[in-house]
Amino acid sequence: MNYNELAKKAVDAKKKSFANFSNFHVGAALLTENDELYLGANIENSSYSLTICAERTAVFQAVLDGHRKFKAVAIASDFEDYCPPCGACRQVLMDLCGKDLDVVMVNKKDEIIVPKLAELLPLGFNEDYLK
Ligand code: THU
């Protein structure tokens, strides 16, 4: 699957979003090393801080299924411009997917930009510091 196709999957995944409080719908599509696809969407909670982002719902499902190597995550939102992953998701993606993950952000015109996770989280903390 190419990254434009992955971006479209993230746009589709946005339909699964439960965002009754912010009304800001986010979809994510995570591509494993062997081209399996995991979708995610943000799920909000009336106790706002318990909300979970689209990226984390996708990566947690993939990890539960035993995946530990990933190529890319695509992120789509209601915003006109590209929606960057929040700081918490950058940290989780760094730990579970690694610094070389391609982060595919798609805007409302279906254009994409693809920075590496390392560019979005320079000097990121990871498990190496715990050894
Ligand atoms: N959100 C995501 O799902 N991913 C991000 O990286 C940015 C923020 C969600 C969380 C919340 O449900 C809504 O967007 C507004 O912050």
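Predicted model: local features only at pLDDT ≥ 70, side-chain atom pairs only at ≥ 80, totals over all residues.
Where is K99 found? K99 is found in the loop that lies between helix α3 and strand β4.

With a relative accessibility of 48%, K99 counts as partly exposed. Leaving aside residues up to four places away in sequence, K99 touches M94, K116, L117 and A118. K99 also stands 9.6 Å from N126, C-alpha to C-alpha, although 27 residues separate the two in sequence. Just after α3, G98 adopts a positive phi of about 95°.

## Helices α3 and α2

Helix α3 spans residues 87–97, and its buried residues are C89, R90, V92, L93, M94, L96 and C97. These buried residues pack against strand β1 (26–32), helix α2 (54–64), strand β3 (70–77) and helix α4 (117–120).

In α2, the buried residues are A54, E55, R56, T57, A58, V59 and A62. They pack against β1, β2 (37–41), β3 and α3. Helix α2 is followed by G66, which has a positive phi near 95°.

## The nonpolar cores

The largest nonpolar core contains 23 residues, and L30, V59, L93, C97, L101 and V103 have the most contacts inside it. Two or more residues of this core are given by each of β1, α2, β3, α3, β4 (102–106) and α4. Helix α3 supplies the largest share, five residues.

Which residues does L93 touch, not counting residues up to four places away in sequence? They are V59, V73, G98, L101 and L117. Of these, V59 is also listed with L93 among the residues that have the most contacts inside the largest core.

A second, separate core comprises 10 residues, including L31, A72, A76 and V104.

## The ligand and its surroundings

The residues around the ligand are S22, F24, V26, N42, E44, T51, C53, A54, E55, P84, P85 and C86.

| Residue | Part of the residue | Distance to a ligand oxygen atom |
|---|---|---|
| E44 | polar side-chain atom | 2.5 Å |
| E55 | N or O atom in the side chain | 2.7 Å |
| A54 | backbone N or O atom | 2.9 Å |

On its own, the ligand has 370 Å² of accessible area, of which the protein covers 79%.

## The cysteines

How many disulfides does the count give? The count comes to zero.

C53 counts as partly exposed, at 21% relative accessibility, and C53 is one of the residues around the ligand. C97 counts as buried, at 12% relative accessibility.

## Residues of the loops

N107 lies in the loop between β4 and β5 (112–113). Is N107 buried or exposed? N107 counts as buried because its relative accessibility is 10%, below the 20% limit for buried residues. Not counting residues up to four places away in sequence, N107 touches E80, D81 and Y82. The side chain of N107 reaches the backbone nitrogen of K109 at 2.9 Å, and a polar contact of 2.7 Å joins the side chains of N107 and E111. The C-alpha atoms of N107 and C97 are separated by 23 Å, with the two residues 10 apart along the chain.

D110 lies in the loop between β4 and β5 as well. D110 is not a glycine, yet it has a positive phi of about 65°. At 45% relative accessibility, D110 counts as partly exposed.

N23 is placed in the loop between α1 (3–13) and β1. N23 is likewise not a glycine and has a positive phi of about 60°. With a relative accessible area of 55%, N23 is exposed.

Key. Residues numbered from 1 in each chain as written. Heavy atoms only, no water. Buried < 20%, exposed > 50% of the residue type's maximum accessible area, 1.4 Å probe, protein only. Helix = DSSP H or I, 4+ residues; strand = E, 2+ residues; numbered from the N terminus. Contact = heavy atoms within 4.5 Å. Core = buried A, V, L, I, M, F, W, Y, C linked by side-chain atoms within 4.5 Å. Near = heavy atom within 4 Å. Polar contact = N/O pair within 3.5 Å; in protein donor to acceptor, adjacent residues only side chain to side chain. Areas by Shrake-Rupley, 256 points an atom, 1.4 Å probe, with all protein chains shown as cover. Disulfide = S-S within 2.5 Å.
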